[in-house]
Amino acid sequence: MERVAIIGMGQTQHAAQRTEVNFPELVYEAVSLALKDAGIGIDGIDNVITTCNDFWDGRTISSMATGDVSGARGKNVSAVEGDGAFGAFYGLTRILSGAYGTTLVTAYSKGSESVPYLITNAAFDPIYMRSLGLDMVTSCALQARRYMKRYGISEEECALVAVKNRGNALANPNAHQGMRITVEDVMRSRRIADPLKLYDISPVSDGAGCIILAREDRAKKIPHRPVWVKGVSFCADAYLLGDRELSECRALEKAAQAAYKMAGIQDPRKEIDVAEISEAFTYQELLWTEGLGFCEKGGGKKLIASGATAKNGDIPVNPSGGLMGAHPVIAAGLIRILEAARQVRGDAGDMQVKKQVQLALAHGVNGVCGQSHCVWVLGRD
Amino acid sequence: MGKRVAIVGTGQTHHRSIRRDVNGQELIHEAAVRALKDAELTIDDIGGVVIGNMDHFEGINYVDCWSIDGSGGYLKPTIKLTTGGTTGATLAVAGYHMVASGMFEKLLVIGWEKNSESDTTGAIITCTDPIIERQFVAGAISGLALEAQAYMHRYGATPRDAARVSVRDRRHACNNPHAQLRGEITIEDVLNSPRLADPLRLLDMCPRSDGACAVVFASEDVAEKICPTPAWVLATANRHMFSDYTDVVEMSSLLSMVEASKELWQKLGIREPLKEVDVIELYQPYSWAGLIWIEDMGLCKKGEGPKLLWDGVTDMGGELPINPSGGVVATNPIGATGLIRCAEIALQIQGKAGARQVSDVKLGVATGFGGNWWTDMLAFGKKKPN
Amino acid sequence: MEDFWSNVQPIVYEGRIKVPYSWQAGETASYFLTQLRDQGKIWGKHCPRCTKVLLPPRKSCPFCFVDTDKWVEVSDEGVVETFTLVREGTPLQPLKAPFAYAVILLDGASTGFVHVLSEVEPDEIKEGMRIKAVFAEKRKGSLLDIAYFKPVHS
């Protein structure tokens, strides 16, 4: 794969409600920060990809609202609907195709403007599932139970994710919510749909992110070290919940294997220095670490209990706080890429892991119960 | 440098105003199966799926995930794009880049829509800013009527001129077994059809359709092994500008078409598109666009569109046939429509267009329209690009 | 700019998207739903390649990408594969919290499907428990023609 780097990035302050801006203005904030970070003007951007979602935005063709603020005037542009990590993939291919030297990719969500259960209920098939009133929380509760039952994982073991990530978020100035909590705090929080309790569930945030990708020759005169894209892939599982084995994430395994192959990684547990993954619910971090090959199937609980995924463990996961710290829904995967890139650059501030980061992993999810996954491997060289 | 990319197979459903016999996934599946059959490939040969529609027309979120049953995306990379009416063309452009990047060797691109499932106007209105303009935008038809009014006022064209466009396309559609409206109409039929929003009448407008289109994009490494005449992607150009409808000040010209076509012709080294392009599938949602936008893309000077129509230049057998498939006024499953334009051009290049075949096609252009007066353009050629 | 915000409340504009939908079920789902409604029977569809009996039935197999062939009647009894007890409900749900969703594998089907459990104590629910469909009194050709599933006490 031709050498392409992330040369700039920006994210907004994520919050429960950003009342002083509408979503195009959120995007503008992130775009402005990214351009400044890259030390280029909007003229240095050859093409633009927006990632959005008509349902979360309450508008069909919601990319109409974000073109101007992303600098799309006079340029070739497109829009991906799904998680930002997927949008960034398309942005990458528009450079690899030879068409453009730089791509600006944005992703955003103003979750406070909508009613999440209505939005996620719309993901369910109108004929066979919608009338059941399922939403993201209740369907992920089904997956959590299946996964936990199969491997004998307790709610307390899942709670470790909330403790770690919400704690990590305290060091993240952009996070929506960081908190110092204990496993008991998680166990005592309101039960929403067993086994998911309030603190097992990531908050829905308002926020936006932006990254600028550049071909090697355009990545030379920038203020920061370029972060190289070493491997990317994505994959989707079957759709109906009953068609899937919910205690596994085969789509993530496939995506990860393909990304690792591109990056020349043979032992992800040893070779990946830090990972930013999309854990909308605590059980998901355990399950995704298995799908990513950081441990064997069912081993996610031991991995976290061992301290290996703590900020200064040997495979830190979500030093930024992950989705527990901020979950601007469609932007989540793009922000993971951004946070992983910062680790590679060495400018993640108080979130920076101690060891030198040679390879970082970022991950985004689309659909219900992690049906579709996108995996990015970023590198220092 | 990227790979060269071609369309090696296409498939479409027989578009109808309402397909009661299938749900959305099954509609998608029909088109996907036909495209694979046309390319003589199986789903196992496909590296990934790119799919699109306009969300609020079917009311389903995360369609890339939902459509797996029909699209063949099971345990494959699957991604969704949506850009309103331009979706189909946007999908084709994405198919091009994703294969040209070397990330995929063979990619299945699917556009679909089941417009019968919703109140189309009600859904389209949600594209507007809820605070600034949603209260007074009355849907796509009145928006287009504004353009027609502005054009008439500036250049003196008449509803009769516009009607000539509908007559052409409806006649062309008779040659297309996939088209929804297959019956010739006369100028008088158009002028006497029910009024919608002045000066537009029913037969000036496109229908809404249930339909799907699937296209297989393949890289140069395999394209010529898959089909004898791949339709090579030569260039793409698009402009999605303006945030709100009220940003669009000049309406007698489609600015995005002016800019996108300039870029496209420049990339192709084309000075006189009227002479150098062999066929165009124009995303023309209503008759007047067939006058206005052909001027904006440089086929003739502003105001001279009607002359091209009346001289028969754009008819089958003319110098530059437009919409041999019957175009959008004959068939409009919105998420598919832009991709159908690409599929039709591919068929023209491959010599597989049957009764609607234009002779000796070396270079064809497909366009997409939608969103906030946006334009997408793709050029396809018979000869492998350098 | 900061001074401005210290004295004003941002305006919040309330709105709703209300677009009516009429989803065509297609012939396959129509048969399934009318059989639920008129016969109180549950049908799956067989894939000739992987031999799975798909429930809910599909016109083509999502795994194999081939047309399904035979209709196969499936029992109204089966087992709970996984479940969740919903404690904080939403207005979209068919039952009032607390109630359970479950992925149910009916005898004769190869794939599970999601439905709701009722007439059961929360601590009774476990994976592998046998349950049976309870059909609604008034049926209209929808998934909720099965009102819920309840335990089979042997």
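Predicted model: local features only at pLDDT ≥ 70, side-chain atom pairs only at ≥ 80, totals over all residues.
Residues are numbered from 1 along each chain as its sequence is written, and chains are lettered from A, with ligands numbered from 1, in the order in which they are written. Local features need pLDDT of at least 70 and side-chain atom pairs count only at pLDDT 80 or more, while totals for chains, interfaces and linings use all residues.

**View 1. Helix α11 of chain B, residues 255-268.** Helices (H or I, at least four residues) and strands (E, at least two) are DSSP runs, numbered from the N terminus. The expected span of a helix is 1.5 Å times one less than its number of residues. For the 14 residues of α11(B) this gives 20 Å, and the end C-alpha atoms are 20 Å apart, so the two values agree. After α11(B) comes Gly269(B), which has a positive phi near 70 degrees.

**View 2. The buried residues of α11(B).** Ser256(B), Met257(B), Ala260(B), Ser261(B), Leu264(B) and Trp265(B) are buried (20 or more other C-beta atoms within 10 Å of the residue's own, with C-beta atoms placed from the backbone). Seen down the axis of α11(B), these residues fall within an arc of 145 degrees (taken from the directions from the helix axis to the C-beta atoms), so they line one face of the helix. An α-helix has 3.6 residues a turn, so residues three or four places apart point the same way. The buried residues pack against β8, α12, α13 and β11 of chain B.

**View 3. The two domains of chain B.** Domain 1 covers 5-120 + 209-226 and domain 2 covers 132-206 + 235-326 + 349-381; the bounds come from an automatic or database domain assignment. Their C-alpha centres lie 24 Å apart. In all, 18 residues of domain 1 are in contact (C-beta atoms, placed from the backbone, within 7 Å) with 19 residues of domain 2. On the domain 1 side, α5(B) gives the most, with seven residues.

**View 4. Chain B against chain A.** Here 49 residues of chain B are in contact with 50 residues of chain A. On the chain B side, α5(B) gives the most, with six residues. Strand β3 of chain A (residues 76-81) and β3(B) run antiparallel and are joined by two bridges; strands pair if DSSP finds at least two bridges between them. Within β3(B), Lys80(B) stands opposite Glu81(A).

Notes. Buried ≥ 20, exposed ≤ 12 C-beta atoms within 10 Å, placed from the backbone. Contact = placed C-beta atoms within 7 Å.
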